[in-house]
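Walk me through this model.

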Amino acid sequence: MFIQQLINALMIGSLYALTAMGATLIYGILGILDIANAGAYLIGAYLGYYVYTATGNIVLAFLAAIVLVGAGGVVLQRTIYSPILAKPRTLSIIPLVAAVGLFTMCSDAVRLICGPGTKAYNLKFPVDAFHIGNVTILPAWILIFALTAALLLILWFILNKTKLGLAWRASAEDPEISGVCGVNTHVSMALSYILGYGFAAAAGIMTGILYNSITPALGDVPSYKMLAIIVLGGLGNPLGTVVAGLLIGIAEVFLSVYTTLPIPKDAIAFVVLIIMLLIKPSGLFGQKNKV
């Protein structure tokens, strides 16, 4: 039972980490909490569904959703966020309000265009399940683990082994000095949105495959839970986001199974966040001067 629940927790936590990664990358560059990332999660799930339904190719569905949603993120950054941040004396809450508005628009647009009903991926696997002793592993779980690991490894490689990654890390540390030193901060911003929104789109498809259902309300819970994850991990810290996502997944599964908490499962993320902030206000991997 314990091993089974641990596998469930790690799977859910990896999805949380992948969903919140976009908001982390964007905060690292722009210093804003981009709730609209949950809209990318929702739209990615629907784009993936329609491409898979039309072609029967799940790989093509992933690629199309990641590319299109990532490109859409760059458009939002260039046309909405950057002009807002460029205005003098802009209050820090204004980009957050804009992000909330964008997410609401995404949800309503999906509901109007695609309908309010539930849609199912119905992805077929060669086998129904793998059994190892008392542990059952579904093929969808293996797919989710493999894709999440691959995407996070790609992210690690880009951020740590490429010039684009070096530019992102320099811009995240100090955008003004980086710009003076010749770093193209516009490219760094575009990279954040391409990766961030693309990863969120992939997480949306994985969620649709895992639960075999998507609705226009799919992004509602991730929209606020990812805030808890990125704050818990340390604002703007990709490694902290991965650890925090896994921690939240483990806490939700084990507390739900082994205790009788008088709160909904989705509220556990904020309970963990409050406890952590009382102990370490900067988050797991955050620095005090950045919070």
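Cysteine 114 counts as buried, because its relative accessibility is 17%, under the 20% cut-off. The model is a predicted one. Is the sulfur of cysteine 114 close enough for a bond, or too far from the closest cysteine sulfur? That closest sulfur belongs to cysteine 106 and lies 12 Å away, so the gap is too far for a bond. A disulfide would need the two sulfur atoms within 2.5 Å. The structure as a whole holds 0 disulfides. Cysteine 106 is in none either, with the sulfur of cysteine 114 as its nearest cysteine sulfur.

Helix α1 covers residues 2–30. How far apart are its end C-alpha atoms? They are 41 Å apart. At 1.5 Å a residue, the 29 residues should span 42 Å, so the two values agree. The helix also has a kink of about 35 degrees, centred on alanine 20. Most of α1 is covered, with 25 of its 29 residues buried. Glycine 31 follows α1, and its phi is positive, near 70 degrees.

Next comes helix α2, residues 37–55, where asparagine 37 is found. Is asparagine 37 buried or exposed? It is buried, because its relative accessible area is 0%. Which residues does asparagine 37 touch, beyond its neighbours within four places in sequence? Its contacts include Thr19, Gly22, Ala23 and Ile26. Four of these positions fall within the range of α1, residues 2–30. Asparagine 37 is also in contact with Gly196, Tyr197, Ala200 and Met226.

Terms used: Residues are numbered from 1 along each chain as its sequence is written. This is a predicted model: local features need pLDDT of at least 70, side-chain atom pairs count only at pLDDT 80 or more; totals for chains, interfaces and linings use all residues. Side-chain values use heavy atoms; hydrogens and water are left out. Helices (H or I, at least four residues) and strands (E, at least two) are DSSP runs, numbered from the N terminus. The expected span of a helix is 1.5 Å times one less than its number of residues. The bend at a residue is the angle between axes fitted to the seven residues ending there and the seven starting there. Buried means under 20% relative accessible area, exposed over 50%, partly exposed in between (1.4 Å probe, protein chains only). Contact means heavy atoms within 4.5 Å.
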